[in-house]
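Dear colleague,

Please find below the structure that I am handing over to you, together with its sequence. I would be grateful if you could look it over alongside the notes that come after it.

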Amino acid sequence: MFYRTHAEIYVPDRTPEKEALARTTHLGIGAHADDLEIMAYHGIAECYRRKTRWFTSITCGDGAGSPRNGPYERMKLGQFKETRRREQRSAARIGRYSAAIQLDYPSAEIRNLRNGNIRSDLTTVLLRTRPRWIYTHNLADRHETHLAVVLHVLEALRSLGPKGWPRRLYGCEVWGSLDWLPGSQKVALDCSKHPLVSRKLLQVFRSQIGSGKRYDLATLGRRQANATYHHSESADAARGITFAMDLMPLLRNRRLNPLRYVSYMVERLERDLLSPLRALRS
């Protein structure tokens, strides 16, 4: 089904793979194990213990490039990759995912935008899931592999045409906040539901926490900060928010270049920042 020999589909409740993929309503597509638990928790929470909503995850990378410090420093690369795989499976069980797909690509292959194998694998899953909501990386992320993933996702979706598109396509924050986005492109995703599940999903990735990357604390802190600083003149409406970039315009308009789309947002940011200063000085 997939290009890489060690790619896998893990179904926590042991439903047949075809059925597990077909029942998917919310799909997350990330570069690394734990990316989706950081950026797509809104989708996980929306589906948690719901009979008519199901979250499926796609992890594109093989985990080889993750930091290895502390107790993991001397672990052989193959063992470390398998540790990352097991952690992602554990997250799928905790979050009650419909399925967890791991495509097992090295980061260098993901960053090769001419690599049609990744897009082919993504297209296969998109055709078998037909999700209504998709969460992936955003076009202003500071991690090059994350950027490559969202570009692969856009190309795969564009190749399917409108009948294969979701209702919503969100580019979510990991490396870098999206608080700066202009209002029309910024989506606030409420991550307040099931706080214990949220924490457990982040803490299951012990290989990262034990290597000195406290993604659990950082992610929960950012969500709380987003919620508090989202509006200055009203009480917090949510306990946690993840910001996302609306990527649907890039599907509706195939001629819209991702670079131009981000440039437009940066130009809007400049206007939004300078206008109040000019008004006060006039």
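The findings are set out below, from the whole chain down to a single residue.

Please note that this is a predicted model, and that every value quoted here is computed from it.

Overall form. The protein chain contains twelve helices and eight strands. Its C-alpha trace extends over about 65 × 40 × 40 Å along the principal axes. The radius of gyration is 19 Å, which agrees with the value near 19 Å that a compact globule of 282 residues would have. Of these 282 residues, 53% count as buried. The chain exposes about 13900 Å², of which carbon and sulfur atoms supply 50%. As for contacts between residues at least 6 apart in sequence, 75% of them join residues that are at least 24 apart.

The sheet. Eight strands form an open sheet with mixed pairing, in the order β1-β4-β3-β2-β5-β6-β8-β7. In general, the strands of a sheet pair through backbone hydrogen bonds, in either a parallel or an antiparallel manner. Here, strand β6 (residues 168-172) and strand β8 (residues 241-246) run antiparallel and are joined by three bridges. Within this pair, Y170 has D246 of β8 as its bridge partner.

A helix across the sheet.

S192 is located in the loop that links β7 and α8 (195-203). Is this residue buried or exposed? S192 has a relative accessible area of 11%, and the cut-off for a buried residue is under 20%, so S192 counts as buried. Its side chain makes a polar contact of 2.6 Å with the side chain of D190. Leaving aside residues up to four places away in sequence, S192 touches A238, R239 and G240.

With kind regards

How values were computed: Residues are numbered from 1 along each chain as its sequence is written. This is a predicted model: local features need pLDDT of at least 70, side-chain atom pairs count only at pLDDT 80 or more; totals for chains, interfaces and linings use all residues. Side-chain values use heavy atoms; hydrogens and water are left out. Two strands pair if DSSP finds at least two bridges between them. Helices (H or I, at least four residues) and strands (E, at least two) are DSSP runs, numbered from the N terminus. The radius of gyration is taken over C-alpha atoms; the globule rule is 2.2 Å times the number of residues to the power 0.38. Buried means under 20% relative accessible area, exposed over 50%, partly exposed in between (1.4 Å probe, protein chains only). Contact means heavy atoms within 4.5 Å. Accessible areas come from the Shrake-Rupley method with a 1.4 Å probe; for residues, only the protein chains shown count as cover. A polar contact is a pair of N or O atoms within 3.5 Å; within protein, one must be able to donate a hydrogen and the other to accept it, and residues adjacent in sequence count only if both atoms are side-chain atoms.
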